[in-house]
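Here is my note for someone opening this structure for the first time. Please keep the model in view while reading.

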Amino acid sequence: LYDTCAVFRERFDAVCALVDTHLEVPLKRVMFAAPGEEVGELLAQTDYTQPALFAFEVAMVAVWDSMGLKPDVLLGHSVGELVAASVAGVLSLEDAATLVCARGRLMQACVSGGAMASLGTSEAEVRAFLATESGQVDIAGINGPRQTVISGDAEAVTRAMNHFSRAGKRTTQLKVSHAFHSAHME
């Protein structure tokens, strides 16, 4: 999109200019690092992941807007909440960029060591399993009727993945620096 869509590129560059004032390494340098380039590894750290998601999502809204797609209602989850607030005019783009970078820094400072996983199963099935789980693990997101994300202690997340995998459900460990949307963020 960056190479082929001027609307996306212009809005993405504008957001990067705002977030770069809060980052040690320019966001485009991190996001567009060549495979194997060490600076690209920063993208897995939430203090860069969050501004990257924000820049991408705001730029996508600009593309949809250019196509005449105008939402009646805006909402989001996690960084998406900040995108929605900015697009809706609740926060200026500059304030939202400042907030997303501060949020990323604060979350990066939390204790790491947890894990997250996407489970191809329902919220009810996950809740039933979690009721029997001794480790600290929470539902971090419900992305659809059969797609639930969990987050928490690495061992507990692994046990949940093994349980649902044995039941024939698709499981994917997410590449994240922390156990987001869980008690680990308290």
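This is a predicted model: local features need pLDDT of at least 70, side-chain atom pairs count only at pLDDT 80 or more; totals for chains, interfaces and linings use all residues.

1. **Strand S3 and its partners.** Start with S3. Strand S1 (residues 114-119) pairs with S3 in the antiparallel sense, over six bridges. Within that pairing, Met116 stands opposite Ser151 in S3. S2 and S3 also run antiparallel, and six bridges join them. Here Gly141 stands opposite Val149 in S3.

2. **Cover over S3.** How many of the seven residues of S3 are buried? Six are, and S3 is mostly covered. In a regular strand the side chains alternate between the two faces of the sheet.

3. Thr148 lies in strand S3. Its relative accessibility is 0%, so Thr148 counts as buried. A polar atom of the Thr148 side chain lies 2.9 Å from the backbone oxygen of Thr121. Neighbours within four places in sequence are left aside in the next list. Thr148 is in contact with Ala117, Ser118, Leu119, Thr121, Ser122, Glu123, Val126, Ile139 and Gly141. Gly141 has come up already, as the residue opposite Val149 in S3.

4. **Salt bridges, overall.** Side chains of opposite charge can pair when their charged atoms come close. A search of the whole structure gives seven salt bridges.

5. **Arg146 and Glu125.** The side chains of Arg146 and Glu125 form a salt bridge, at 3.0 Å from N to O. Arg146 is in the loop between strand S2 (137-144) and strand S3 (147-153), and Glu125 is in helix H6 (residues 123-130), so the pair ties together parts 21 residues apart in sequence. Are these two residues buried, partly exposed or exposed? Arg146 is exposed, with a relative accessible area of 53%. Glu125 is partly exposed, at 30%.

6. **Glu125 again, with Lys169.** Glu125 forms a salt bridge with Lys169 too, and the closest N and O atoms are 3.6 Å apart. Glu125 lies in helix H6 and Lys169 in the loop between helix H7 (154-166) and strand S4 (171-173), so this pair ties together parts that are 44 residues apart in sequence. Lys169 counts as partly exposed, at 24% relative accessibility.

7. **Arg159 and Glu133.** These side chains meet in a salt bridge, at 2.4 Å from N to O. The pair links distant parts of the chain. Arg159 is in helix H7 and Glu133 in the loop between H6 and S2, 26 residues apart. Which of the two is buried? Glu133 is, at 13% relative accessibility. Arg159 is partly exposed, with a relative accessible area of 36%.

8. **Aromatic pairs.** A pair of aromatic rings is described by the distance of the centres and the angle of the planes. The count here comes to six aromatic pairs. Tyr2 and Phe32 form a tilted one, 5.2 Å centre to centre with 55 degrees between the planes. Tyr2 sits in the segment before helix H1 (6-19), and Phe32 in the loop between helix H2 (27-31) and H3, 30 residues apart. Tyr2 is buried, at 18%, whereas Phe32 is partly exposed, at 44%.

9. **Phe8 and Phe12.** Why does this pair count as stacked? The ring centres of Phe8 and Phe12 are 5.7 Å apart and their planes are at 15 degrees, so the pair is stacked. The cut-off for that class is under 30 degrees. Both residues lie in helix H1, four residues apart, about one turn of the helix. Phe8 is buried, at 4% relative accessible area. Phe12 is buried as well, at 2%. Tyr2, Phe8, Phe12, Phe32 and Phe56 form one aromatic cluster.

10. **Helix H3.** H3 (residues 46-66) has 21 residues. From first C-alpha to last it reaches 30 Å, close to the 30 Å expected at 1.5 Å a residue. Gly68 follows H3, with a positive phi near 90 degrees.

Definitions and conventions. Residues are numbered from 1 along each chain as its sequence is written. Side-chain values use heavy atoms; hydrogens and water are left out. Helices (H or I, at least four residues) and strands (E, at least two) are DSSP runs, numbered from the N terminus. The expected span of a helix is 1.5 Å times one less than its number of residues. A salt bridge is a side-chain nitrogen of Lys or Arg within 4 Å of a carboxyl oxygen of Asp or Glu. Buried means under 20% relative accessible area, exposed over 50%, partly exposed in between (1.4 Å probe, protein chains only). A polar contact is a pair of N or O atoms within 3.5 Å; within protein, one must be able to donate a hydrogen and the other to accept it, and residues adjacent in sequence count only if both atoms are side-chain atoms. Contact means heavy atoms within 4.5 Å. Rings of Phe, Tyr and Trp (its six-membered ring) pair if their centres lie within 6.5 Å; planes under 30 degrees apart count as stacked, over 60 as edge-to-face and the rest as tilted. Two strands pair if DSSP finds at least two bridges between them.
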